[in-house]
Amino acid sequence: MHTLFGGYGVRVVAVIALVALGMQSALAEKREESYVKKNFRSANKTVLAVGEGRELVQELSLADIKFTNPDFKVKDEWTYLHSDLINGSGTDRGYYIDVHEDGSQTFGVFEGTKKSVTKSDGSWEVTWEGSYKYVGGSGRFKGIKGGGKYKGSASPADPGGTETGSGTA
């Protein structure tokens, strides 16, 4: 009677199983990441004035984003933003889709606060902060988990705004 691989079949199968498990745990390993997002561009924006000084805002925007995580090579980030603002300050929440260079996507949800200030010299500043969470992905990012915190600002010196964030993926 002949055995698989001359009697080494069980050992070969065991080694293959251990390698596969090691690869799976490496793929599931969470990595620290941070990012810088700039050049926010509005593709579509709707503002509904509700009473004096209150606005409900829905906006679709596009931004350039660079991650420290080498696996995240994002071409575009699309954001669907819903804001409830009184005199320019209030809450933000929404969804984002990051389109990676290889066509894979990561997507998630975020929520936070925004504060708009007009200074005594007439200039303005908008600041925002909050948290984000990955809820899924496609391609090599299928099943992604993680999230983190973000903060950003815009002013006459940086009207397109800059946002930084850090977390895990």
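Glu 111 stands opposite Ser 131 in strand 6, where strands are DSSP runs (E) of at least two residues, helices are runs of H or I of at least four, and both are numbered from the N terminus. Strand 5 (residues 105-118) and strand 6 (residues 124-137) run antiparallel and are joined by 13 bridges; two strands pair if DSSP finds at least two bridges between them. The model is predicted, so local features need pLDDT of at least 70 and side-chain atom pairs count only at pLDDT 80 or more, whereas totals for chains, interfaces and linings use all residues. Residues are numbered from 1 along each chain as its sequence is written, and side-chain values use heavy atoms, with hydrogens and water left out.

**Overall architecture**

- The protein contains one helix and eight strands, and its elements follow the order α-β-β-β-β-β-β-β-β from the N terminus.
- Eight strands close into a barrel in the order 1-2-3-4-5-6-7-8, with antiparallel pairing.
- On average, neighbouring strands of this sheet are turned by 25 degrees against each other, direction ignored; axes for such angles are lines fitted to C-alpha atoms, for helices over the stretch in contact, and angles run from 0 to 180 degrees between N-to-C directions.
- Of the 169 residues of the protein, 31% count as buried, a class defined by under 20% relative accessible area, with exposed over 50% and partly exposed in between (1.4 Å probe, protein chains only).

**Strand pairing around strand 8**

- Strand 1 pairs with strand 8 (residues 158-168) in the antiparallel sense over seven bridges, and Glu 33 stands opposite Gly 167 in strand 8.
- Strand 7 (residues 147-155) also pairs with strand 8 in the antiparallel sense, over eight bridges.
- A hairpin of two residues joins strand 7 to strand 8, and the bridge partner of Ser 155 in strand 8 is Asp 158.

**Aromatic contacts**

- The structure holds ten aromatic pairs, in which rings of Phe, Tyr and Trp (its six-membered ring) have centres within 6.5 Å; planes under 30 degrees apart count as stacked, over 60 as edge-to-face and the rest as tilted.
- Tyr 35 and Phe 67 form a tilted pair, because their ring centres are 5.6 Å apart and their planes stand at 50 degrees.
- Tyr 35 lies in strand 1 and Phe 67 in strand 2 (residues 54-67), so the pair ties together parts that are 32 residues apart in sequence.
- Tyr 35 is buried at a relative accessible area of 6%, and Phe 67 is buried at 14% relative accessibility.
- One aromatic cluster is formed by Tyr 35, Phe 67, Phe 72, Tyr 96, Tyr 132, Tyr 134 and Phe 141.

**Asparagines with positive phi**

- Asn 39, a residue other than glycine, has a positive phi near 60 degrees.
- Asn 39 is found in strand 1 (residues 32-49) and counts as partly exposed at 37% relative accessibility.
- Asn 87 is likewise not a glycine, yet its phi is positive at about 55 degrees.
- Asn 87 is found in the loop between strand 3 (74-86) and strand 4 (89-100), and it is exposed, with a relative accessible area of 61%.
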